[in-house]
Amino acid sequence: MKGFATEDLGEVDRLQAGLDRERLARREAERVAESSQRELLRLQAGRALERQRFELELRRAHAEIEEAVAEFARSNQELEAFAYVASHDLREPLRSMAVFIQLLARRYEGQLDERADEYIAFAVEAATRMQSLIDGLLKYSQVGRRQLERGPVDLGSLVIQAQQSLAQAIEDADARIEVDPLPTVHADRVQLGQVVTNLLANAVKFHGDAPPLVHVCAERRPGAWRILVEDNGIGISPEQAPRVFEMFMRVHAREQYPGTGIGLAICQKIIERHRGALEVEPLAEGGSRFSFTIPDP
Ligand SMILES: Nc1ncnc2c1ncn2[C@@H]1O[C@H](COP(=O)(O)OP(=O)(O)OP(=O)(O)O)[C@@H](O)[C@H]1O
Ligand SMILES: [Mg+2]
């Protein structure tokens with residue numbers, strides 16, 4: 001048998017030492033991999049727990065929001081029902097009151113002293129005014145009570161219809177109304193007709209010395225149409241602008257410009273029901289620009 005040479009033995013030892021080092025290194029790598037794996041699992045478990053907690057919070061917040069929205073809708077409905085009943089039931093006694101005061105005025109005018117005539121005239125005016133306020137309130141509350149019946153509405157024909165119903169006012173004010181081509185939108189025809197009529201009526205009514213010049217046009221917005229009604233009238237200051245949409249809010253003298261101040265509040269309610277927005281901005285050259293958006297279906 002041939003023995004190992006001394007240098008062969010040295011080579012075996014080196015190989016053995018190399019193998020040992022490799023084994024050690026592999027074991028170390030396995031240990032590191034195991035501990036990383038454990039750390040990963042721990043992190044994943046932590047994340048899952050965190051996610052669960054977050055989802056629970058989210059669900060709770062959702063439920064709270066839904067409850068608040070339902071509560072808001074309920075109280076809104078109650079308020080509308082109240083406004084409807086109050087204005088509806090108040091009409092009759094108020095009508096009798098107005099009729100009797102007017103009878104008094106007609107029958108006894110000039111027979112009492114001057115002051116009595118004056119008082120009767122005030123009472124007649126107050127009763128008439130109260131009637132139009134109550135009519136306005138009734139109209140406002142009716143907007144929310146009616147179901148929206150949406151369908152394609154040709155805005156061009158709606159504007160023509162509004163002009164026809166305002167023919168007398170347009171003629172009296174010597175107004176000119178220019179209408180650009182208008183789109184068909186998805187809306188409730190009756191209610192949108194109210195908006196267009198109210199905006200045109202205002203554009204014709206609130207004019208200065210020059211006869212009213214009104215321009216109606218439309219522009220495309222992402223996912224919606226924006227309709228603009230511009231006039232050359234007395235305008236609204238930027239500070240007053242947000243207030244004109246409030247109920248019964250008027251920013252010009254009643255003696256000069258008659259009205260109850262409910263028109264724009266109704267317009268806003270209708271546009272909000274269509275998920276659009278109604279806005280006003282002063283024009284640099286004087287006058288105002290009212291605009292509303294109607295989202296695509
Ligand atoms: N085009 C306009 N130019 C200048 N002011 C306006 C215009 N439109 C509305 N306003 C102002 O906003 C107020 C509110 O308008 P709104 O249409 O609600 O009421 P009104 O026209 O006075 O009465 P109603 O419409 O109920 O008959 C008006 O009284 C007026 O002061
Ligand atoms: Mg008006």
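Tutor: With a term: two residues are in contact if their C-beta atoms, placed from the backbone, lie within 7 Å. The model is predicted, so local features need pLDDT of at least 70 and side-chain atom pairs pLDDT 80 or more, while totals for chains, interfaces and linings use all residues. Residues are numbered from 1 along each chain as its sequence is written, and chains are lettered from A and ligands numbered from 1 in the order written.

Student: What covers the buried residues of α6?

Tutor: The cover includes α2 (114-145), α5, β6 (278-282) and β7 (288-295). Helices (H or I, at least four residues) and strands (E, at least two) are DSSP runs, numbered from the N terminus. Buried means that 20 or more other C-beta atoms, placed from the backbone, lie within 10 Å of the residue's own.

Student: How many residues of α6 are buried?

Tutor: Eight of its 11, among them Leu264, Ile266 and Ile270.

Student: At what angle do α5 and α6 pack?

Tutor: Helix α5 (residues 189-205) and helix α6 (residues 263-273) pack at about 145 degrees, with axes 9 Å apart. Axes are lines fitted to C-alpha atoms over the stretch in contact, and angles run from 0 to 180 degrees between N-to-C directions. Residues meeting there include Val195 and Leu199 in α5, and Cys267 and Ile271 in α6.

Student: Now the sheet. What is the strand order?

Tutor: The open sheet of five strands runs β2-β4-β5-β7-β6, with mixed pairing; strands pair if DSSP finds at least two bridges between them. β2 (176-179) and β6 are at the edges with a single partner strand each, so one side of each has no neighbour in the sheet.

Student: How many bridges join β2 to β4?

Tutor: Four, and the two strands run parallel. Val179 has Val216 in β4 as its bridge partner.

Note on methods:
A residue is buried if 20 or more other C-beta atoms lie within 10 Å of its own, exposed if 12 or fewer, and partly exposed in between; C-beta atoms are placed from the backbone.
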